Amino acid sequence: MVKFSKELEAQLIPEWKDAFVNYWLLKKHVKKVKLSRASKLNSRTTNSNHDYGVSIFDVARSFLHRVSCNGNNEDRPPDQILQVKNTTMEQGDVEEDEDDETELVDHLYSEEDEVKEFFEKLDEELDKVNQFYKHKESEFLERGEMLKNQLQILLDLQQVLVDRRRSRSNSFNSTASSGFLRSYSSGRTSDSETASEFGERDGEPQTDDVISALEKNGINVIGAATKGKTKDGKPKTSMRINIPATTPTRTISAVTSMLWEDLVNNPKKHGEYINRKKLQCAEKMIRGAFVELYRGLGLLKTYSSLNMVAFVKILKKFDKVSNQQSSANYLKVVKRSHFISSDKVVKLMDEVESSFTKHFAKDDRKKAMKFLRPRQQKDSHMVTFFVGLFTGSFVTMFAVYAISAHIIGMFSPKTETDYVETVYPVFSMFALLSLHLFMYGCNLFLWKATRINYNFIFEFQASTALKYRDAFLIGTSMMTAVVSAMVLHLVLVSKGFSPTNVDTIPGILLLIFIGLLICPLNIFYRPTRYCFLRVIRNIVCSPLYKVLMVDFFMADQLTSQIPLLRHMESTACYFLAGSFKTHEYQTCKSGKLYRELAYVISFAPYYWRAMQCARRWFDECDVNHLANLGKYVSAMIAAGARLTYARQETQLWLIIVLVTSLIATVYQLYWDFVKDWGLMDPKSKNLWLRDELVLKKKGYYYLAIALNFVLRVAWLETVLQFKVGLFESRLLEFSLASLEVIRRGHWNYYRLENEHLNNVGKFRAVKAVPLPFRETDSDG
């Protein structure tokens, strides 16, 4: 049977861990009571075994003492001493709960410091749980009220567009309708003054339906009773539709609008154009906010139930140790506490379910629950089986390949040039990709093992998120296919088949994987594949897309896969230029365009990442993003210097490489340790680490720092210029590229650990979704 402490550790909400009852600390206090009681019993036993033996009158004396004690305590209840502090009750409830003060421990233990300390700590934990629950409850209730208002505005505006479309269709036989929403009033409460304007596009008169729909939400029309000015003659606070610039078109529109407003210095003079597309975006935002609110309410409900069980368990342990029945009285107090007695969360959950089902699922509750309560993806034994199968197959096929290559003499001086320059880039590209998938699988395994909520951080759907077994399956199956293709290539070459036909095998393999990646059928992890393509699109189009955590995390992965991108360039040129037919591998390398593209490919990942930093600075106004941008610019300069030195091995370029690479490396190491990992804090209670650590052994962090430092200086190989053969040179390049992938996988764990701890420090377990209708001053 699993201990409750382990069950609690597994089920509690990681971001709220510090707000839960400290079950483990209370267990220690119970143990102190147990030890105190045991020592007292031992001392009594020792005193009773005096040198004169046991008297025959001891039994009678004991009986008379018991009777006298009972006679003096006729009115004393069996359970009494410590008073429960009513710290968790509201001030208005004091009169109702004056009788809630109960005495909980037998009088024999009334003077024991351990018991007093236990119940004092129990009161502190109960108060902590109540205060946190109240805070989160009020936060979610406020969110719920705001969402109700947002939904009502959305419904009214949708009705306005429907009415106007009908009116326009009847008057002009037109298929489109739209209007200008000049301003919304900020006061949606009954005690606030409201004013707003809703104008027509071509001077078309307002209809009664439009006016009534707007006035329902405190929105007045031009010419109505209220005007859009205060008593002082200043413009009133207004409300506008706020669609985040998450796409290129919205970003360009927002930037041009901002520039135009700055130029003419008259923002929003003519109001804001509202159409069906904007309302669809607003509807999507509100729907997402409902889902997050429901999820947060569910977490709070879980928080309440887990803490209740923890209090029950710890009090039962105390009763068992003290041989008393004191838990019943204290449990009454716990059950009357706010985190158990309040039903506001349950009521709000019911309201959210009802509203979501009605307005976003067309009264289809089953469909609504798919959004509100997505099913967790279950682990499949078949996935585990295939991981083992493909791993064994890969090892076997690789052994066959190594033996076959040695027997055939593929890497002899006569044949190695053709093989290394033509087939090697294709297969090494797949090998690096498979290694990265394997490292990502290791990351997923470790994040799960250490309770790091990566799905929440990356905003993945729980029902479709990739698990570590799935990542291992994809990586091992890919490598098995690649090594099998390599073995087949060797066998066909040894049999005397035409090199032109044989060298199409890597191309066929490449086409198969591209086809699987873009396959529209719901097979082979389609949600993951399409999520990957969407993220790559966002990265390539930086800074036009709003930057999410998963976007810049993936862009960081690409900075470690520059060799893979270079191999992709070689592979594309090899097949598109027809080199696989002529076997003139120098066709690509001698071309000027190919050499120039090498710079572009080496710069691209750093450029994308720098543009993401620029976009985040624009959105968040945080100077740290500009400092991070400088890191990627320095890396770009260093990469360009190393490429140039590889072609012009002069003393000047060697100095430039050393200076630029040294600056970039120091910059990167500082950012890795201090910003991304949150380490190197001289004031930390853990020497040069940080106060909060997920891993129990500090040695892992010091080892991570040392390993990251060593792998960051792998660029020294460019300067040292080892004199080896062609095959050994390519093998060395592949090894260094693999080490960089391993370094990145190793970096990934600590990067997400630091992000998780930041969420824990702010008790952030629910995503904050921006809402479309926000208040703003009409003067800009």
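Q: Is Arg 609 buried or exposed?
A: Arg 609 is buried, at a relative accessible area of 3%. Note that the model is a predicted one.

Q: What does Arg 609 form a salt bridge with?
A: The partner is Asp 556, and the closest N and O atoms of the pair are 3.1 Å apart. Asp 556 sits in helix H20 (residues 549-559) and Arg 609 in helix H24 (residues 592-620). They are 53 residues apart, so the pair links distant parts of the chain.

Q: And Asp 556, buried or exposed?
A: Buried: the relative accessible area of Asp 556 is 4%. That is under the 20% cut-off.

Q: How many salt bridges in the whole structure?
A: The search finds 22.

Q: What about Glu 124, which side chain does it meet in a salt bridge?
A: Glu 124 meets Lys 121, with an N to O distance of 2.9 Å. Both residues belong to helix H4 (residues 113-172) and lie 3 residues apart, about one turn of the helix.

Q: Which side chain does Asp 343 meet?
A: Lys 347, in a salt bridge of 3.5 Å, N to O. Asp 343 is partly exposed as well, at 39% relative accessibility.

Q: Changing topic. How many helices and strands in the protein?
A: 29 helices and 5 strands.

Q: What share of the residues is buried?
A: Of the 780 residues in the protein, 43% are buried.

Q: And how much of the contacts comes from residues 24 or more positions apart?
A: They account for 76%, counting contacts with a separation of 6 or more.

Q: Which residues form the nonpolar patch on the surface?
A: Ile 508, Ile 512, Leu 516, Leu 521, Ile 523 and Phe 524. Together they have about 560 Å² of accessible area.

Q: Where is Ile 523?
A: In the loop between helix H18 (504-518) and helix H19 (526-540). Ile 523 counts as partly exposed, with 37% relative accessibility.

Q: Phe 524, where is that found?
A: Also in the loop between H18 and H19. Phe 524 is exposed, at a relative accessible area of 55%.

Q: What is the phi of Phe 524?
A: Positive, about 50 degrees, although Phe 524 is not a glycine. Most residues other than glycine have a negative phi.

Q: What about the phi of Lys 362?
A: Lys 362 is not a glycine either, and its phi is positive at about 55 degrees. Lys 362 lies in the loop between helix H10 (344-360) and helix H11 (365-372). Its relative accessible area of 76% makes Lys 362 exposed.

Q: Ser 542 to Pro 543, is that peptide bond cis or trans?
A: Cis, with omega near 5 degrees. Most peptide bonds are trans. Pro 543 is placed in the loop between H19 and H20.

Q: Back to the surface. Which residues gather in the patch of positive charge?
A: Lys 3, Lys 6, Lys 31, Lys 34, Lys 313, Lys 316, Lys 317 and Lys 320.

Q: Which helices supply at least two residues each?
A: Helix H2 (23-48) and H7. The largest share, 4 residues, comes from H7.

Q: Where does Lys 320 sit, and how far is its C-alpha atom from that of Lys 34?
A: Lys 320 is in helix H7 (residues 276-322). The two C-alpha atoms are separated by 9.3 Å, while the residues are 286 apart along the chain.

Q: Lys 320, buried or exposed?
A: Exposed, since its relative accessibility is 71% and the cut-off is over 50%.

Q: Last one. What does Thr 571 touch?
A: Leaving out residues up to four places away in sequence, Thr 571 touches Pro 425, Val 426, Met 429 and Leu 510. Thr 571 lies in helix H21 (residues 562-576) and counts as buried, at 4% relative accessibility.

Technical notes. Residues are numbered from 1 along each chain as its sequence is written. This is a predicted model: local features need pLDDT of at least 70, side-chain atom pairs count only at pLDDT 80 or more; totals for chains, interfaces and linings use all residues. Side-chain values use heavy atoms; hydrogens and water are left out. A salt bridge is a side-chain nitrogen of Lys or Arg within 4 Å of a carboxyl oxygen of Asp or Glu. Buried means under 20% relative accessible area, exposed over 50%, partly exposed in between (1.4 Å probe, protein chains only). Contact means heavy atoms within 4.5 Å. Patches are made of residues with over 30% relative accessible area and no salt bridge: like charges are joined within 9 Å, nonpolar side chains (Val, Leu, Ile, Met, Phe, Trp, Tyr) within 5 Å. Accessible areas come from the Shrake-Rupley method with a 1.4 Å probe; for residues, only the protein chains shown count as cover. Lys and Arg count as positive and Asp and Glu as negative; His and the chain ends are not counted. The place of a charge is taken as NZ of Lys, CZ of Arg, CG of Asp or CD of Glu.
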